[in-house]
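Biologist: I've got a chain on the screen and a few questions about its insides. Could you walk me through it?

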Amino acid sequence: MAYQYSQLEGPSSVRLLRLQPGDSDQPIRCEIYPVSLDDNPSYTAVSYCWGSSEKPREIFYNQYSLPITESLHRMLWRLRLDETKPRLLWADAVCINQQDNDEKALQVPLMSRIYRQAQQVIVWLGDDETDSEGSKAISLLNQLVDAYQTQWCKEHDTRPYYHLAFSGGLSRYNIPSPHDKRWVALGNILQRDWFKRMWIVQEVTLPEVDSIVVIMGIAFTTWKTLSLAINYALTGLEILDIVTGPIGEDIESGILSPLKRLIEIRQMQEKHRTLLSLLISHRCAEASDPRDKLYALFSLATDLPRFPGLRPDYNIDTESLYILFATEMIKGSENLDILSVPRVINHRQCSGKLPSWVPDWRNEEGTGVLSMSGYGVHLKLRFSACGESTSKPIISGCHLKVYGFRFDHVTDRSLAIHKNTTRVKTPFRVVSRYINLALTDKVVLDWERVARARSGICYPTGEKILDAYFLTMVCGFLPPGYTMDLFRVTDMRIRVTRPFDGLFRFLYWLGLASIFFPLFYVYEFLLAIGSLIILSIYGNPPELQMGMHFNRCMIRTYKGYIGLATELVQVGDLIVLIEGGKVPLILRPGDERTWELVGDIYVHGAMSGEAWDGRKLEQFTLK
């Protein structure tokens with residue numbers, strides 16, 4: 001007989017699952033009963049990946065049965081082993097009536113309290129398919145934490161892996177080799193589906209870090225150990241780009257991105273946890289219900305009270321929710337930052353029709369968001385293209401009316417850089433690395449063509465065109481203490497190595513790259529020597545805005561300006577400065593005197609109010 005949920009009473013009421021102990025071959029038995037969070041009940045909250053519901057399993061409560069996914073069944077089976085007493089758990093798939101939209105809307109806001117008040121949070125990554133993968137990975141994590149505590153905390157030595165390798169520091173601090181096979185195990189674990197979920201953002205951010213336990217099969221560790229070890233390897237040792245296994249092979253394709261974002265959000269000041277910045281940061285996270293792309297972050301956003309119309313509602317369709325969100329964001333935030341969120345690039349991920357000014361959060365691809373850079377989403381970029389003007393938008397149905405002036409229009413555009421289109425793999429890592437660099441250089445050559453970077457002409461601001469091109473590549477961000485000389489020296493190295501890039505592309509097209517692999521090692525050795533010489537003279541280069549390059553292209557305007565625009569841009573598109581906006585926007589004529597929003601754009605020489613003229617405003621109706 002199927003279990004029937006009874007209605008919860010009271011605004012703080014939730015259900016808990018009492019998991020009974022049992023042997024491995026016995027059915028899973030439990031009890032489900034209501035409690036009030038106001039009474040501070042003692043329980044463990046679980047975080048797991050739901051998995052497929054096509055072949056449901058069952059748990060039993062007296063004479064009743066309750067269908068659950070295979071993933072949840074395996075977790076409950078594991079958690080009851082070696083237990084002599086019942087365990088009190090909170091698991092969303094069981095403790096919330098998933099068939100009752102009204103109950104879901106009431107329970108979702110309580111999830112922040114549920115995870116904050118839990119005595120323990122268990123992260124279930126799934127079974128250990130090899131019976132040793134989890135143990136190997138955890139052994140590596142523990143060794144990294146020990147090395148961190150010795151190198152950084154005791155010795156106050158912050159040198160990266162490359163420096164330690166030449167001074168005996170690797171053995172002194174017992175740092176694992178980048179060729180250690182345990183990296184393979186760790187890489188496989190970090191590719192598990194749990195790390196891709198949107199709901200995990202709050203599930204590991206809200207609890208006390210010491211209360212989070214990570215389990216895979218029979219192996220376990222703490223979230224503190226996992227995050228500390230990865231953070232140390234990534235930003236301290238700078239070792240992860242040379243390790244073997246999935247981490248090393250796929251470091252640029254995003255294997256560590258979800259974990260990095262989870263680490264960063266715990267370090268982020270609460271004032272920067274705005275709803276829009278959280279959504280942009282975690283846009284690539286997945287949710288089986290696209291409405292949860294928003295709802296899963298509500299409890300983390302410190303500015304949610306500014307948007308009274310935004311509350312979980314599972315009776316509203318996805319498109320209506322996204323339109324409501326954009327409307328509330330424009331009205332409540334008193335800025336136009338949401339217009340800088342990337343438009344749809346991968347149309348196959350989206351259904352329905354949204355206005356061009358409304359982001360489709362189902363779309364996981366996009367560009368860096370220029371207007372949000374100051375929120376900690378990227379580096380410390382702060383733009384004020386429209387000076388001190390304030391926005392006065394008018395929203396009428398699906399139309400957004402704004403005021404701005406026509407700054408310029410696009411006359412040429414380049415190829416775009418993508419994250420995954422140059423992910424060539426060969427039997428030799430060094431060959432793969434430089435083939436990918438060579439293919440990327442083909443795009444960069446097209447950027448130089450569009451910008452006329454080597455023409456020697458003067459830029460509209462009076463700068464040399466090559467200097468303007470370099471600054472456009474980094475969105476105008478040059479840290480204190482650095483001069484344009486660093487870019488010129490780097491450019492000299494690019495020109496010296498460019499013939500090799502052409503050779504590598506030629507070998508790749510002929511299918512001979514792997515045969516001539518020794519050539520790549522010679523090239524890498526010479527390149528390393530050149531890099532060390534540059535570093536010894538100029539120090540470490542400024543951190544480039546590579547996140548801003550993806551899915552962007554170089555454009556040139558009628559007035560001679562250059563910029564970084566979304567790859568959706570077309571020749572003839574209008575560049576407009578919108579009243580109250582931080583960055584220029586690209587508009588395309590629509591029908592019935594309306595305009596389509598294409599995306600934001602970095603235009604060198606027009607990002608700090610230099611081009612703003614409030615006397616030339618006209619109304620633009622975005623559809």
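Biologist: What volume does the second largest pocket have, and how many residues line it?

Modeller: Trp50, Thr69, Ala93, Gln98 and Ser288 are the lining residues that lie nearest the centre of this pocket. The volume of the second largest pocket comes to about 1,000 Å³, and the number of residues lining it is 35.

Biologist: Which strand gives the most to the lining of the second largest pocket?

Modeller: Two elements each supply at least two residues of that lining: helix H2 (92-95) and strand S5 (64-68). With 4 residues, the one that gives the most is S5.

**Strands**

Biologist: Which residue in S5 stands opposite phenylalanine 60?

Modeller: Strand S4, residues 57-61, runs antiparallel to S5, and 5 bridges join them. The two strands form a hairpin with 2 residues between them, and asparagine 62 in the turn has a positive phi of about 55 degrees. As for the residue in S5 opposite phenylalanine 60, look at serine 65.

Biologist: How many residues of strand S1 are buried?

Modeller: Strand S1 covers residues 13-19, which gives 7 residues to check. Buried here means under 20% relative accessible area. S1 is mostly covered, and the number of buried residues is 6.

Biologist: What is the bridge partner of leucine 17 in S2?

Modeller: S1 pairs with strand S2, residues 30-36, in the antiparallel sense, over 7 bridges. Leucine 17 has its bridge partner in S2, and that partner is isoleucine 32.

Biologist: Why is helix H17 largely enclosed by the rest of the structure?

Modeller: H17 spans residues 465-473, and its buried residues are Ile465, Asp467, Ala468, Tyr469, Phe470, Leu471, Thr472 and Met473. After the helix comes cysteine 475, with a positive phi near 55 degrees. H17 counts as largely enclosed because its buried residues number 8 of 9.

Biologist: Which helices are included in what covers the buried residues of H12?

Modeller: In helix H12, residues 257-267, the buried residues are Pro258, Leu259, Arg261, Leu262, Ile263 and Ile265. What covers them includes H8, helix H9 (200-205), helix H10 (223-236) and helix H13 (275-281).

**Cavities**

Biologist: What volume does the largest cavity have?

Modeller: Rolling a probe the size of a water molecule over the atoms shows where empty space is left. The structure holds 2 cavities of 30 Å³ or more. For the largest cavity, the volume is about 110 Å³.

Biologist: Which element supplies the largest share of the lining of the largest cavity?

Modeller: That cavity is lined by 14 residues, and Leu125, Ile138, Ile189, Val214 and Thr221 are the closest to its centre. Two or more lining residues come from each of helix H5 (133-154), helix H8 (182-190), strand S8 (212-216) and strand S9 (219-222). By class, the lining has 12 nonpolar and 2 polar residues, with no charged ones. The largest share, 4 residues, is from H5.

Biologist: How many charged residues are in the lining of the second largest cavity?

Modeller: The second largest cavity holds about 60 Å³ of space. Of the 10 residues lining it, Leu336, Gly581, Lys582, Val583 and Leu585 are the closest to its centre. The lining has 5 nonpolar and 3 polar residues, and its charged residues number 2.

**The chain overall**

Biologist: What percentage of the residues in the chain is buried?

Modeller: The chain has 20 helices and 17 strands. Among contacts between residues at least 6 apart in sequence, 72% join residues at least 24 apart. Of the 623 residues in the chain, the buried share is 53%.

Biologist: What is the mean pLDDT of the chain?

Modeller: A pLDDT of 70 or more is reached by 78% of the residues. Over residues 374-380 the pLDDT is below 50, though this stretch has 24 contacts in the model beyond near neighbours in sequence. Where pLDDT is low, the predicted coordinates should not be read in detail. The mean for the chain is 82.

Conventions:
Residues numbered from 1 in each chain as written. Predicted model: local features only at pLDDT ≥ 70, side-chain atom pairs only at ≥ 80, totals over all residues. Heavy atoms only, no water. pLDDT = per-residue confidence, 0-100. Contact = heavy atoms within 4.5 Å. 1 Å grid on protein atoms, 1.4 Å probe; cavity = no way out; pocket = protein on both sides within 12 Å on 5 of 7 lines; lining within 4 Å. Points joined across faces, edges and corners; volume = space filled by probe spheres on them. Pairing = 2+ DSSP bridges. Buried < 20%, exposed > 50% of the residue type's maximum accessible area, 1.4 Å probe, protein only. Nonpolar A, V, L, I, M, F, W, Y, C, P; charged D, E, K, R; others polar.
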